[in-house]
Amino acid sequence: MQFDIQAPQEIIDEPKIFIIGLPRTATTSVCVAMLQLGYRTAHTAYVKSAFEQAQVMADTPIFCDYQALDRLYPGAKFIYLERELVNWLPSIKQLLLRMSDNLLSHKGGFNPIIKRCFKTTFSPFTTENISSDAFLAACYQRHFNEAKRYFNHRPADFLSINVTEPNSFTLLSEFLQRDGEQLPISGFEKINIAGKVTAWNEIKHPLKIASTRGGKIDKLDLMLLPRP
């Protein structure tokens with residue numbers, strides 16, 4: 001099934017916006033909303049051209065490298081996505097166990113950017129650890145606390161929302177300094193439900209930015225990425 005999203009009348013040209021919540025916290029739903037709001041958006045970014053072209057980026061390597069990206073892109077804004085642990089834990093556990101063979105493989109598997117980000121964030125990455133609710137909850141809390149501490153004195157640059165809460169889209173539009181009454185949408189769509197993780201691949205939209213170059217990636221050095 002493909003999602004054909006109507007192009008917005010207005011295309012936004014603003015500083016970078018990085019979505020730094022962990023996987024399975026509604027990153028795809030927020031990226032879809034950003035497309036509809038008129039932002040060039042990449043859900044994952046593995047080539048320099050994605051960083052050049054996209055205004056909004058999420059998932060890998062963003063949730064792992066947001067502090068380096070903050071230094072590289074002065075004036076950028078950062079959005080953290082929260083999710084109740086009771087819902088996040090079974091979802092992330094299913095994802096990580098499904099990915100584990102490729103993440104742990106020394107002969108291929110996922111690209112090295114994915115491996116680094118997941119194995120750093122969920123360290124030490126072992127099958128035993130990613131099967132443990134206590135371990136995963138600690139990883140979530142550590143990542144969340146680090147982000148809050150890093151942006152502690154910069155409320156204009158950092159927003160933390162849970163998309164299931166009724167006021168989350170209003171908070172987002174205010175953070176982006178958009179007039180809610182003029183927006184083409186009024187909330188977030190539910191995407192990638194029931195364990196699905198590939199809905200982004202099915203979305204067609206003129207503002208969707210490719211994460212790879214025909215399936216190939218760059219050896220990304222953050223210091224060599226395009227500067228604003």
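Visitor: Which residues have the most contacts inside the largest nonpolar core?
Guide: F18, I20 and F122 do. That core has 44 residues. Keep in mind that this is a predicted model.

Visitor: Which elements give two or more residues to this core?
Guide: The helices are α2 (48-53), α3, α4 (85-104), α5 (112-121) and α7 (133-150). Strand β5 is on the list too.

Visitor: What is I20 in contact with, leaving aside its neighbours within four places in sequence?
Guide: Quite a list. I20 contacts I62, F63, Y66, F78, I79, Y80, H143, A147, F151 and F158.

Visitor: And what lies apart from that core?
Guide: Another core, of 29 residues. A58, I79, F175 and I203 are among them.

Visitor: How are the two rings of F18 and Y73 placed, centre to centre and between the planes?
Guide: The pair is tilted. The centres are 5.7 Å apart, with 50° between the planes.

Visitor: Are F18 and Y73 buried or exposed?
Guide: Both are buried.

Visitor: How many aromatic pairs are there in the whole structure?
Guide: A search finds 13. Ring pairs also build a cluster, made of F18, Y66, Y73, F78, Y150, F151 and F158.

Visitor: New topic: the sheet. What is the order of its strands?
Guide: The order is β3-β4-β2-β5-β6. It is an open sheet of five strands, with parallel pairing.

Visitor: Which strands stand at the edges?
Guide: β3 (41-43) and β6 (158-161). Each has a single partner strand, so one side of each is left without a neighbour in the sheet. From one strand to the next, the twist averages 15°.

Visitor: Over how many bridges do β3 and β4 pair?
Guide: Three, in the parallel sense. T41 stands opposite V56 in β4.

Visitor: What about β5? What does F18 stand opposite there?
Guide: F18 stands opposite F78. β2 and β5 pair over three bridges. On to β6: β5 pairs with β6 over four bridges. There, F78 stands opposite F158.

Visitor: Why is β5 largely enclosed by the rest of the structure?
Guide: Count its residues. Four of the five are buried, so β5 is largely enclosed.

Visitor: Now helices. Which strands does α1 lie across?
Guide: Helix α1 (residues 27-37) lies across β2 (17-19), β3, β4 and β5 (77-81). α1 runs at about 165° to β3.

Visitor: How many residues of α1 are buried?
Guide: 11 of the 11, so α1 is largely enclosed by the rest of the structure. T27, C31 and M34 are among the buried residues.

Visitor: What covers the buried residues of α1?
Guide: The cover includes β2, β3, β4 and β5. It also includes α8 (168-175) and β7 (203-204).

Visitor: What follows α1?
Guide: G38 does. Its phi is positive, near 105°.

Visitor: Let's jump to P15. Where is P15?
Guide: P15 is in the loop between β1 (3-4) and β2. Not counting residues up to four places away in sequence, P15 touches Q55 and G75. P15 and Q55 are 40 residues apart along the chain, yet their C-alpha atoms are separated by 6.8 Å.

Visitor: And K77? What does K77 lie over?
Guide: K77 lies over the face of F175, at 5.0 Å from the ring centre.

Visitor: One more residue. Which helix is L95 in?
Guide: L95 lies in helix α4. L95 has a relative accessible area of 10%. Buried means under 20%, so L95 counts as buried.

Visitor: Last one. How many helices and strands are there in the protein?
Guide: Eight helices and seven strands. Buried residues make up 50% of the 228 residues.

How values were computed. Residues are numbered from 1 along each chain as its sequence is written. This is a predicted model: local features need pLDDT of at least 70, side-chain atom pairs count only at pLDDT 80 or more; totals for chains, interfaces and linings use all residues. Side-chain values use heavy atoms; hydrogens and water are left out. Two strands pair if DSSP finds at least two bridges between them. Axes are lines fitted to C-alpha atoms, for helices over the stretch in contact, and angles run from 0 to 180 degrees between N-to-C directions. Contact means heavy atoms within 4.5 Å. Rings of Phe, Tyr and Trp (its six-membered ring) pair if their centres lie within 6.5 Å; planes under 30 degrees apart count as stacked, over 60 as edge-to-face and the rest as tilted. Buried means under 20% relative accessible area, exposed over 50%, partly exposed in between (1.4 Å probe, protein chains only). A charge sits over a ring if NZ of Lys or CZ of Arg is within 6 Å of the ring centre and within 35 degrees of the ring normal. A nonpolar core is a set of buried Ala, Val, Leu, Ile, Met, Phe, Trp, Tyr and Cys residues joined through side-chain atoms within 4.5 Å.
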